[in-house]
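User: I would like to learn how to read this model feature by feature, with the general idea before each case. Could we begin with how far the coordinates can be trusted?

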Amino acid sequence: MFPIFQSTDAVLAVILCLVAFDFWAQRFKPCKMIGPALIVIILGILLVNLKIVPESSEVYGTLSTYCIPISMSLYLMNVDLKSIIKMSKQPLIAIFCAIFSVSIVAFIFGCIFADSIDEGWKVAGMFVGTYTGGSSNLTAIATGLNASASTIAAANAADYVVGMPTLVLMFLAPALMKNSKKFQKFWPYSFTDEELEGDGSQKELMASEEWSIKEIAILLAIAVSVVAVSTKLSSFMSADFASAGRILLISTISIIVAQVPAVRQLRGAMNLGLFFGMMYLVIVGFSVNIKGFLTSAATITLFCLCVIAGSLLLHVLITRLLKIRYEYVLLGIVGAIADGTTSSLVASGARWKSLVSVGMLMGVIGGVCGNYVGIAVAYLIRMITGA
């Protein structure tokens, strides 16, 4: 009898096993390069199309409703606005130029591709989200705009096909820029080796993290409460905007709550947020028909290429005219395309020790802005194109 797993508890067991396997597989380089998000989506697509799990189940609806809002709230629990305000002018200009560039380019190409891509206006907003704050923003915006599972999966696939080679180039860029006399002549604004070395007080990046069950319980209580309050407030909005409004409210309230030092010091929020996000992405995979997915993925990938190439060119042009140090420019690009952790890894790999924490903050700023600008761009394209 197909599907093989049909009961609610069996399907939930499959979902959790896939998430656990995905995290375990990240120890291998190929899986780490692909990233956890795309892996669980692909596995989900394979299982549902091979009739191992059903196309619909009551557990799908429950997880879809709550996983992403809770995940997003947890991600934002570490936002420290005081640290962001204290940043110097140049890194702030660099990351905001990245956000501006992505928004403008995504809007232009969103209007062009709106009629040739199913839910094109939503895809534009999703790409703004992922290229200002990473894949978590893509998923949050997709949820707020009620994008279909096929659209979400195709957008994630396009993000991998175009975004991964771009990130590889970003990791290679520090050495290429430092050793190129032509680049140094074109972009003479940079730090000295002594300034990049710092004072030796930088913390170890990606060190082991510990947390207690008490912290996990408190984090879940706060995140679920934020989601509940936001959901209630969004019910007073128009039906057409309620879902997007709910996401924006969750973002805003979570950031406000995160300004309480005791909340921000709770450990495990990022990892717990990732866990809930992966559960949702398994459901995305379970909801995708593989034929429709392959058809839509090609056009969305072209759209993605236009967005990322165009925004990179515009960002570089603006920051060069503003004479921003190229280290900040690169970290701003990585912080927007990926996240703060990846930006810090680029700084660490380049031995820019004094900029590791700055890269992290730049990624945080992108993540905070992503949901707001992504939803705004999407609705603006919808208004102009009549989609």
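Analyst: This is a predicted model, and its chain has a mean pLDDT of 84, with 93% of the residues at 70 or more; pLDDT is the predictor's confidence in each residue, from 0 to 100. Where pLDDT is low, the predicted coordinates should not be read in detail. Here the pLDDT falls below 50 over residues 201-207, a stretch that has eleven contacts in the model beyond near neighbours in sequence, a contact being heavy atoms within 4.5 Å. Because the model is predicted, local features need pLDDT of at least 70 and side-chain atom pairs count only at pLDDT 80 or more, whereas totals for chains, interfaces and linings use all residues. Residues are numbered from 1 along each chain as its sequence is written, and side-chain values use heavy atoms, with hydrogens and water left out.

User: At what angle do helix H6 and helix H19 pack, and how far apart are their axes?

Analyst: Two packed helices are described by the angle between their axes and the distance between the axes. Helices (H or I, at least four residues) are DSSP runs, numbered from the N terminus, and their axes are lines fitted to C-alpha atoms over the stretch in contact, with angles from 0 to 180 degrees between N-to-C directions. H6 (residues 89-113) packs against H19 (residues 356-385) at about 25°, with the axes 9 Å apart, which makes H6 roughly parallel to H19, since angles under 35 degrees count as roughly parallel, over 145 as roughly antiparallel, 65 to 115 as roughly perpendicular and the rest as oblique. Among the residues in contact are Ile 95, Phe 96 and Ile 99 of H6 and Met 362, Ile 365 and Val 373 of H19.

User: How are H1 and H3 oriented to each other?

Analyst: Helix H1 (residues 8-25) and helix H3 (residues 36-49) pack at about 140°, their axes 10 Å apart, and they are therefore oblique to each other. Val 14, Leu 18, Phe 21 and Asp 22 in H1 meet residues of H3 including Pro 36, Ile 39 and Leu 43.

User: Is Thr 130 buried or exposed?

Analyst: Buried means under 20% relative accessible area, exposed over 50%, and partly exposed in between (1.4 Å probe, protein chains only). Thr 130, in helix H7 (residues 120-133), is buried at 0%.

User: Which loop holds Lys 51?

Analyst: Lys 51 lies in the loop between H3 and helix H4 (58-75), where it has a positive phi of about 65° although it is not a glycine; at 41% relative accessibility, Lys 51 counts as partly exposed.

Methods. Helices (H or I, at least four residues) and strands (E, at least two) are DSSP runs, numbered from the N terminus.
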